[in-house]
Each structure stands twice: as structure tokens, then as C-alpha cells.
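Have a look at the picture, then read on.

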Amino acid sequence: MATTKPTRISKILQEFGWDVMLGSIAAFYVVMVPYTKVEESFNVQAMHDILYHHHHIEKYDHLDFPGVVPRTFIGAFLVSLLASPLVLLMHYFHMPKIYGLLIVRLALGSIVLMTLRLFRLQVRRKFGYHVEAFFAILTALQFHLLFYSTRPLPNILAFVLVDGMTPSSKQFMHKHVNLAYSFWFKGNPLTTLKCLTISTVVFRCDTVLLFGPIGIELLLSKSISLWKAIICCISTALPCIGFTVLVDSIMWQRILWPELEVFLFNSIQNRSSEWGTQPLHWYFTSALPRSMLVAYPLSVIGVLLDRRIMRYMVPILSFILLYSKLPHKELRFIIGSLPMLNVSASLAASRIYNNRKKNVWNGLYVLLFGSFVFSLGCSLVTFMASYNNYPGGYALKALHQADVSTGEKLVHIDTFAAMNGVSRFSESEYPWRYSKEEGIAVKEYRSRNFTYLLNEHSEVAGYKCLLAVNGFSRARIGFHFPPILLLKEPKVFVHGNVGDQDIVFSNWPGC
């Protein structure tokens with residue numbers, strides 16, 4: 001037995017070692033940066049309400065704060081279902097609700113990483129162990145992919161769908177953009193199209209920009225006939241549309257297909273540009289270099305060195321080009337392209353590694369190792385900036401810790417604080433009560449009966465500034481150590497009502 005034990009351990013590490021590494025990094029990001037931003041607010045609030053309010057839809061946050069466009073509840077239901085046993089246990093032991101946020105984010109991250117594992121196994125089967133290893137290493141070195149993997153954005157929920165089993169295949173088919181890539185690599189065009197269809201009609205309508213190029217590639221390579229592709233997509237789309245209309249009409253209390261409304265808002269009315277615009281080249285000159293780091297130039301080299309990846313890269317690059325036509329741009333819109341780009345980069349890194357003992361390649365190998373260290377440093381800097389980018393969440397936590405009295409307290413949270421870290425998971429039970437009433441002018445707070453204010457104003461008449469929470473402002477590069485300094489400035493202020501003597505005479509840090 002003593003001789004077989006190391007062999008078993010080595011087999012476990014060989015099979016799951018990369019998953020443990022990637023999962024540990026993602027979990028670290030969750031624990032260190034537990035709060036969420038406005039982009040995630042719908043799904044975060046929906047998960048909270050499903051877990052804590054259950055069938056009492058009248059108490060759900062989206063009825064009071066519906067957002068710009070409606071989103072589907074299906075992803076929130078699935079993640080909440082997975083997280084519910086631990087949340088129930090947490091509730092039994094009277095733990096703060098913030099741990100519920102950690103649980104749902106870890107549950108989502110587990111699904112993402114599970115599907116990323118399936119894609120990685122197909123990379124191993126198609127290109128070998130070295131390419132698989134570099135794929136895992138490059139993914140670990142990139143901050144954004146693992147950081148976003150636990151964030152309940154619609155883009156990530158389009159990245160992940162529920163797993164099911166069909167009698168004909170007798171295998172689990174996890175509907176996911178990564179899974180679409182997995183089945184694409186595996187040579188299963190029907191399941192690839194099913195994954196992309198569900199992602200498009202249920203979670204993100206703009207997945208059609210990825211759907212189109214991949215579908216064209218499958219047709220041109222004669223992997224599937226046009227008639228079979230049409231039948232597959234229609235037979236998948238119709239029940240999915242019916243399901244999302246049924247579920248979301250109940251939850252939104254009106255008949256709707258969420259992604260149709262999103263499509264009309266973003267593409268037909270082009271109103272997404274109201275949230276800012278970027279130039280046509282932004283994804284290629286800003287988003288991808290920042291998110292991929294060394295993998296970005298390596299992905300270009302990989303296409304030149306290994307022609308096998310070309311048929312997969314052309315649809316991915318077409319997807320990014322099509323998305324570039326939309327004026328409003330964000331990295332999360334094209335995050336589905338990163339795994340495939342990392343495969344191309346891994347091919348280049350593997351080729352350099354395999355030829356490292358040759359003269360010219362030896363220098364490239366040293367350069368590759370140095371670029372890995374540089375990428376790690378960039379990811380650490382990005383992590384520190386993100387750590388300081390949720391001042392609203394930290395401010396509410398500080399308030400809860402500072403006031404332990406038993407009297408009832410009413411806290412008003414303004415839009416800026418709510419957009420930068422505050423969610424229903426951040427709230428405490430009685431005696432705390434919260435208001436997110438919008439449209440209150442600064443001078444009107446004096447006449448309102450709030451105990452505390454969380455907002456972006458340093459001075460409010462009738463209130464005393466109790467503490468200020470700094471947030472990330474900008475990075476400054478200079479000839480010093482460390483060469484990059486992250487500058488912070490006060491972002492969210494906590495004010496106390498001057499009519500409450502306990503607050504006035506308590507020991508607060510001040511502003």
C-alpha cells in the first residue's frame with residue numbers, strides 16, 4: 001500500500017491539479033473582494049430574494065428597482081438552487097447574510113470552472129499535455145477571467161447554463177460557451193449549436209455575434225448541413241423561448257421575453273451608447289492587451305506556428321470584429337473569446353518550451369519566462385485596484401461594526417454607494433433598516449428621518465460626517481519602487497443625524 005500511495009496522489013494531481021490551482025485563485029478573489037458592482041446588481045439581488053424571500057415576489061428588489069432592461073431569472077434560480085443547502089445551514093447558525101453572497105459566488109465559480117475543465121480536457125486531447133499546461137498557466141496569470149468567473153453578470157451566465165442529459169448521447173451536456181468550444185473541438189456540431197442557441201435566447205442575445213461565425217465555419221467545413229443546422233436551432237430555441245417567457249413573465253409580473261427587449265434596446269434603439277462609447281479598435285488595443293497580457297502577442301504567434309488553430313480563431317476574431325461595431329464597449333462583452341485565444345497562445349508557448357534547448361529558441365524561452373513574471377505583476381496590480389473599487393460595501397461594513405446599539409436605525413444608501421459594493425446581501429437584520437429611495441436632493445436630507453447616510457457627498461446639512469472610505473482613483477507610473485502606485489481618494493461618506501445625541505458624542509474617525 002505504501003508504494004501505491006504516491007502513485008495515486010500523482011494521478012490525482014495530474015487529473016485535478018490545474019483545477020485546484022484555478023479554483024484556489026478564483027476563491028481567493030471571492031474572499032478578498034466579496035462585494036459586487038452595478039452590472040451584477042440584478043442577478044445578485046435576484047439570488048438574495050430567491051434565497052431569503054422565496055415565493056413572496058412582492059418583496060423582490062427588481063419590482064422597486066427594475067433597471068434599464070429586464071433580465072432573466074433562470075440563471076439566478078439555478079445558482080440559488082446549487083447554493084441553497086449551504087445558505088440554509090448558514091441561516092440556521094445565524095451567520096451574517098454577506099456569507100450568502102460568498103456562497104452564491106463560489107457556486108457560480110464552480111460551474112464556470114467545471115466547464116472550463118471540460119474545455120481544457122478537449123485542449124489536451126487535441127493538442128497535448130504541454131498545451132493544456134500552458135493553457136492553465138496563462139489562465140491563472142490573467143486576472144480578469146478568473147475574477148469575472150464568480151461574478152453573476154449576464155455575460156457569465158451566458159457563459160454557463162444548466163447541465164442536462166439526453167438519452168441518445170448518454171452523457172452530460174453542460175450548455176456553456178466553454179462547452180460549445182468543447183463540443184466544437186470534439187467535432188459535435190449539433191451540441192455546439194444547441195449550446196449557442198440556448199445562450200443566445202435565454203441569457204445574452206448578443207451571443208448571436210459568436211453564434212453566426214461558428215455556424216458559418218461548421219457549414220463551410222461541411223461538419224453539418226444547412227437543413228440539419230436550421231432544424232437543430234429551431235427545435236432548441238422554441239422550447240427555450242417558451243420556458244424563459246413562462247418563468248420571467250411570472251417573476252416580472254407582465255408578459256415578456258427578456259432578451260428580446262434587451263436586443264431592441266441595445267441593437268435596434270442603440271441606447272447602450274448612453275453609457276459611453278469607445279473607438280472601433282478599443283477591444284484590440286485596450287481590452288484584450290489588458291486582460292490577456294503576455295497571452296495576447298502569443299495568440300498571434302500561435303496562429304502563425306500551428307495552422308490547426310486557424311479554423312477556430314477566424315470565427316472568434318470575427319466575433320470580436322462584429323462586436324467592435326457597437327459603440328458601447330466593455331471587456332465583459334467579449335470575455336467568451338478569451339479561452340479560445342488562450343489556446344492559440346498556449347500553442348506558441350508550448351512550441352517555445354519544446355525547442356528551448358536550441359540556440360534561438362533558448363532566448364525566446366527566457367523571454368517567455370520573464371513575460372510570465374511580468375504578467376503576474378500586472379495581475380497583482382489589477383487585483384489591488386479592484387480590491388479598492390467597492391467603497392460602498394466597505395462603508396456599510398464599517399457602519400455595522402461601529403454601531404452595535406440595539407435601537408432601530410434607518411440607513412439611506414444613495415445611487416453611487418449602491419452601484420459600488422452595496423447589495424441586499426450586505427444588509428443586516430433588525431434593528432437595521434435600509435432605504436434606496438432615489439431623487440432626494442442633498443438639501444432635503446435635513447427634513448428626512450434617516451439615522452445614517454451613505455453617499456458620495458462630503459457635507460450634508462443636518463448630518464455629521466462620521467467616516468470616509470477611500471476608493472481607487474488612478475494609477476501613477478514613475479521611476480521608483482514599486483514603479484506603479486495606486487492612488488486612492490475618499491469615495492463614500494458615512495453621515496450621522498445630528499439630532500441623535502448618541503451618534504454625535506460617539507467616537508467616530510471623522511472625515
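## The disulfide

A disulfide links cysteine 465 to cysteine 511, with the two sulfurs 1.7 Å apart; the term covers a pair of cysteine sulfur atoms within 2.5 Å. The structure holds one disulfide. Cysteine 465 belongs to strand β6 and cysteine 511 to the segment after α20 (501–504), so the bond ties together parts that are 46 residues apart in sequence. Helices (H or I, at least four residues) and strands (E, at least two) are DSSP runs, numbered from the N terminus.

This is a predicted model, where local features need pLDDT of at least 70, side-chain atom pairs count only at pLDDT 80 or more, and totals for chains, interfaces and linings use all residues. Residues are numbered from 1 along each chain as its sequence is written, and side-chain values use heavy atoms, leaving out hydrogens and water.

Which hand does the disulfide have? The torsion about the S-S bond of cysteine 465 and cysteine 511 is about -80 degrees, so the disulfide is left-handed. Cysteine 465 is buried at 16% relative accessibility, while cysteine 511 is exposed at 58%. (Buried means under 20% relative accessible area, exposed over 50% and partly exposed in between, with a 1.4 Å probe and protein chains only.)

## Cysteines without a bond

Cysteine 195 is buried, with a relative accessible area of 1%. The closest cysteine sulfur to its own is in cysteine 232, but at 9.5 Å that's too far for a bond. Cysteine 205 is in no disulfide either: the nearest cysteine sulfur, in cysteine 240, is 15 Å away. Cysteine 205 also counts as buried, at 11% relative accessibility.

## The sheet and its helix

Five strands make up an open sheet in the order β4-β3-β5-β7-β6, and the pairing is mixed. Two strands pair if DSSP finds at least two bridges between them. Strands β4 (432–435) and β6 (463–477) stand at the edges with a single partner each, so one side of each has no neighbour in the sheet. From one strand to the next, the twist averages 20 degrees.

Strands β3 (residues 409–413) and β5 (residues 452–455) run parallel and are joined by three bridges. Opposite leucine 453 in β5 you'll find histidine 412. Helix α18 (residues 391–402) lies across β3, β4, β5, β6 and β7 (484–497), at about 45 degrees to β7. Here contact means heavy atoms within 4.5 Å, and axes are lines fitted to C-alpha atoms, for helices over the stretch in contact, with angles from 0 to 180 degrees between N-to-C directions.

## Aromatic rings

How many aromatic pairs does the structure hold? There are 34, counting rings of Phe, Tyr and Trp (its six-membered ring) whose centres lie within 6.5 Å; planes under 30 degrees apart are stacked, over 60 edge-to-face and the rest tilted. One of them is the tilted pair of phenylalanine 119 and tyrosine 181, 5.7 Å centre to centre with 50 degrees between the planes. Phenylalanine 119 lies in helix α4 (residues 98–127) and tyrosine 181 in helix α8 (residues 177–186), so the pair ties together parts 62 residues apart in sequence. Both phenylalanine 119 and tyrosine 181 are buried.

Phenylalanine 319 and tyrosine 323 pair edge-to-face, 5.6 Å centre to centre and with 75 degrees between the planes. They sit four residues apart in helix α15 (residues 310–324), so about one helical turn separates them.
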